[in-house]
Amino acid sequence: MIAAIAMLAAPIAATAGHYNYYYSGPAKYLHLGPAGAGTFFANVGGGGSQTVSGEVTVTFVWARDGTADDPPASTFVTINCTTDSEAAGPGCFASASCGLPGNTTTTSPPNPYQAWQNDSATYTFVQGEPGDSFTYKLSPSLAAGISWGSCQATVSAWATPVLLGVAGATTGADGGRQAIIGQHLQASPTAGQAVFSQAAWTVFEDGSGANATLFSRFTSSLTSGHAD
């Protein structure tokens with residue numbers, strides 16, 4: 001998984017801010033926590049058969065901590081989902097799916113009078129050029145019943161900006177941080193608890209001449225981690 005972060009080297013600016021999270025889905029199932037910090041939660045139960053299905057959309061909206069805080073070039077995203085179906089009665093059934101990659105499903109042993117199934121998944125990826133807002137969609141699917149059934153689904157999300165701190169830059173006459181050709185710089189990428197490896201720098205001109213502004217592009221592999 002590759003994350004590319006481009007930042008101006010003269011002056012070098014820091015990105016600050018965070019993403020708020022908002023959830024939307026089928027109205028008959030939707031129970032929300034506080035805007036920007038809650039989860040999608042669906043819970044149905046009762047006699048007969050019960051189902052939870054439909055598309056859930058997580059919308060990430062950039063919130064500036066300061067007036068100059070532009071969205072990051074990349075952000076580390078984690079989508080977490082858990083589902084649970086339970087049923088009782090002769091010939092009962094239960095099924096549950098998060099609709100996410102890398103899911104883990106547990107099914108009850110054969111029993112003509114009781115059935116349950118759980119499914120959970122945590123999906124992590126890098127969203128390049130996320131801008132002021134972006135979305136992720138998934139479709140949990142649950143069914144349970146005969147005499148009695150219960151279905152629950154929970155979806156939560158985090159988006160942690162991938163930031164690049166630069167040490168070794170000098171201070172220009174205007175007070176801004178800047179770098180010149182041949183100057184040694186040290187990059188320090190951060191994104192929650194993500195682990196970075198295979199870091200590399202590429203320096204190139206923007207084509208405007210000898211005094212062209214220099215840009216630095218940092219490329220890394222995200223090998224493991226979690227966004228908080």
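Start by selecting R64 and D132: their side chains meet in a salt bridge, 3.5 Å from N to O. (A salt bridge here is a side-chain nitrogen of Lys or Arg within 4 Å of a carboxyl oxygen of Asp or Glu.) This pair links distant parts of the chain, with R64 in the loop between β6 and β7 (74–88) and D132 in the loop between β10 (114–128) and β11, 68 residues apart. Strands are DSSP runs of E, at least two residues long, numbered from the N terminus.

A word on what you are viewing: this is a predicted model, in which local features need pLDDT of at least 70 and side-chain atom pairs count only at pLDDT 80 or more, while totals for chains, interfaces and linings use all residues. Residues are numbered from 1 along each chain as its sequence is written, and side-chain values use heavy atoms, leaving out hydrogens and water.

Now show R64, D70 and D132 together: salt bridges that share partners join them into one network.

Next, colour by accessibility. R64 has 40% relative accessibility and so counts as partly exposed (between buried, under 20% relative accessible area, and exposed, over 50%, with a 1.4 Å probe and protein chains only). D70 is partly exposed at 47%, and D132 is partly exposed at 44%.

For the last stop, select E55 and K137, a salt bridge whose closest N and O atoms are 3.9 Å apart. E55 lies in the loop between β5 (50–52) and β6 (56–63), and K137 in strand β11 (residues 133–138), 82 residues apart. E55 is partly exposed at 43%, and K137 is partly exposed at 48%. The structure holds 3 salt bridges.

Key
Helix = DSSP H or I, 4+ residues; strand = E, 2+ residues; numbered from the N terminus.
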